[in-house]
Amino acid sequence: MLQKISLDTYLVGWGSISAERHAAAATILAIANAARGIADLIAAGGLHGGLAAAVGANQAGDMQKLLDVQANDIIIAALRMAPVALVASEELDQPLRCNPDARLAVAIDPLDGSSNIDTNAPVGTIFSILPMPEAGEGDEDLARPFLVPGSQQIAAGYIIYGPQCALVLTVGKGTHVFTLDRSSGLFKLTGGALQIPAQSREFAINASNKRHWSNPIRSYVADLTAGMEGPRGEDHNMRWIASLVAEFHRILVRGGVYLYPADARRGYAEGRLRLVYEANPIAMLAEQAGGRATDGNVRILDVIPTAVHQRIPLVFGSRDEVERIAGYVNCQPAGATGSRRVGSHPLFRDRGLYQA
């Protein structure tokens with residue numbers, strides 16, 4: 001039987017190994033503390049006013065809602081008290097200096113899935129903890145600590161604010177779930193070293209964008225939706241919540257695959273999700289749970305960012321299905337519906353799964 005130890009207890013042993021780990025543990029606890037406040041706001045809903053009210057736009061021109069701004073403020077306040085030198089947030093144009101002598105950088109999406117705020121559907125907070133580079137030339141460049149491959153993350157996770165509030169965490173030793181015990185205020189371990197099922201008949205994609213997809217992605221989805229009569233010889237179910245953390249949480253428990261490809265719409269040519277503070281932490285969690293995460297072909301954690309707010313296509317989930325999708329990218333499998341198309345890299349504009 002799983003011992004329901006607290007997040008604090010779990011991190012004590014791991015954090016005692018080195019100063020860097022100790023600082024990362026303190027930072028995770030600071031994020032967890034902020035999450036309790038955000039969870040309370042969300043649980044109160046309309047009692048706290050119009051949390052879904054539009055209040056402006058962020059650095060990319062995406063609409064900001066009141067809860068986006070409030071969640072960002074709560075998390076920044078918590079991280080200012082943690083051993084964190086820099087914070088990069090979806091809601092900030094540039095990384096923010098916190099404690100200049102600290103040796104950690106945090107990249108964060110304060111409120112993922114904000115389109116769900118007023119529908120009482122799950123939303124979340126996604127975070128990535130990175131080491132600060134050694135002091136030297138380029139220190140004035142606030143983006144530099146974040147422009148490293150996701151494989152350098154010390155820890156990554158998310159908080160899902162749903163019927164239960166849970167923190168899903170990896171420190172490079174498996175993917176674990178800590179559920180908020182509201183009676184004590186503690187996050188307690190309720191799922192240890194979870195594994196994404198290697199096979200599943202569920203997939204998640206926004207099918208309303210079908211007309212904008214490249215041929216390989218249309219072919220892949222067509223083969224799934226053809227069901228028993230198609231080349232896969234089995235029926236599949238489609239899911240779409242429009243919340244990355246909710247999609248991952250379902251896949252972590254039940255398996256399946258998630259696709260957010262680039263497409264032909266304006267502003268979607270390089271995908272829509274952010275590499276540094278969305279795709280990278282989700283990819284680390286997926287791999288630590290035995291799954292895979294790619295841009296359709298290339299491992300997400302191997303991609304070197306060129307900008308803090310860089311966008312990227314994202315495919316993650318059950319190992320077998322993610323690897324199958326790579327087959328569609330490189331060469332349509334026998335029996336696949338639609339035109340055959342060869343592509344050497346999904347980000348190429350004229351070929352591959354993520355054609356613009």
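Helix α3 (residues 66-80) comprises 15 residues and reaches 21 Å from its first C-alpha to its last, close to the 21 Å expected at 1.5 Å a residue; the expected span is 1.5 Å times one less than the number of residues. Helices (H or I, at least four residues) and strands (E, at least two) are DSSP runs numbered from the N terminus. The model is predicted, with local features requiring pLDDT of at least 70 and side-chain atom pairs counted only at pLDDT 80 or more, whereas totals for chains, interfaces and linings use all residues. Residues are numbered from 1 along each chain as its sequence is written, and side-chain values use heavy atoms, with hydrogens and water left out.

In α3, the residues L67, D68, A71, N72, I75, I76, A78 and L79 are buried, where buried means under 20% relative accessible area, exposed over 50%, and partly exposed in between (1.4 Å probe, protein chains only). These residues cover an arc of only 165° around the axis, which puts them on the same side of α3; the arc is that of the directions from the helix axis to the C-beta atoms. The cover over the buried residues of α3 includes α2 (19-44), β2 (63-65), β3 (86-89), β4, β5 and β6 (123-131).

Helix α1 (residues 7-15) has L7, Y10, L11, W14 and G15 as its buried residues. Seen down the axis of α1, they fall within an arc of 115°, so they line one face of the helix. Among the elements covering them are α2, β8 (165-170), β9 (176-181) and β10 (186-191).

Residue A102 is found in the loop between β4 (96-97) and β5 (104-112). A102 is buried, at a relative accessible area of 11%. Leaving aside neighbours within four places in sequence, A102 is in contact (heavy atoms within 4.5 Å) with P83, V84, A85 and M132. Between A102 and P131 the C-alpha to C-alpha distance is 9.6 Å, and the two are 29 residues apart in sequence.

Side chains of opposite charge can pair when their charged atoms come close. The structure holds 14 salt bridges, each defined as a side-chain nitrogen of Lys or Arg within 4 Å of a carboxyl oxygen of Asp or Glu. One of them joins the side chains of E321 and R232 (2.9 Å, N to O). E321 lies in helix α7 (residues 319-330) and R232 in the loop between α4 (215-225) and β12 (237-239), so the pair ties together parts that are 89 residues apart in sequence. E321 counts as buried at 8% relative accessibility, and R232 counts as buried at 16%.

A further salt bridge links R299 and D302 (2.8 Å, N to O). R299 is partly exposed, at 32%, and D302 is partly exposed, at 44%. In the salt bridge of R319 with D320, the closest N and O atoms are 3.3 Å apart. Salt bridges that share partners join E202, R239, E247, R250 and R254 into one network.

The largest pocket contains about 660 Å³ of space. Of the 27 residues that line the largest pocket, the closest to its centre are E90, G113, S114, S115 and A242. The elements giving two or more residues to this lining are β2, β5, α5 (244-254), β13 (257-260) and β14 (273-274). On a 1 Å grid over the protein atoms alone, a pocket is an open set of points where a 1.4 Å probe fits, with protein on both sides within 12 Å along at least five of seven lines; lining residues have an atom within 4 Å of a point. Grid points are joined across faces, edges and corners, and the volume is the space filled by probe spheres set on the points.
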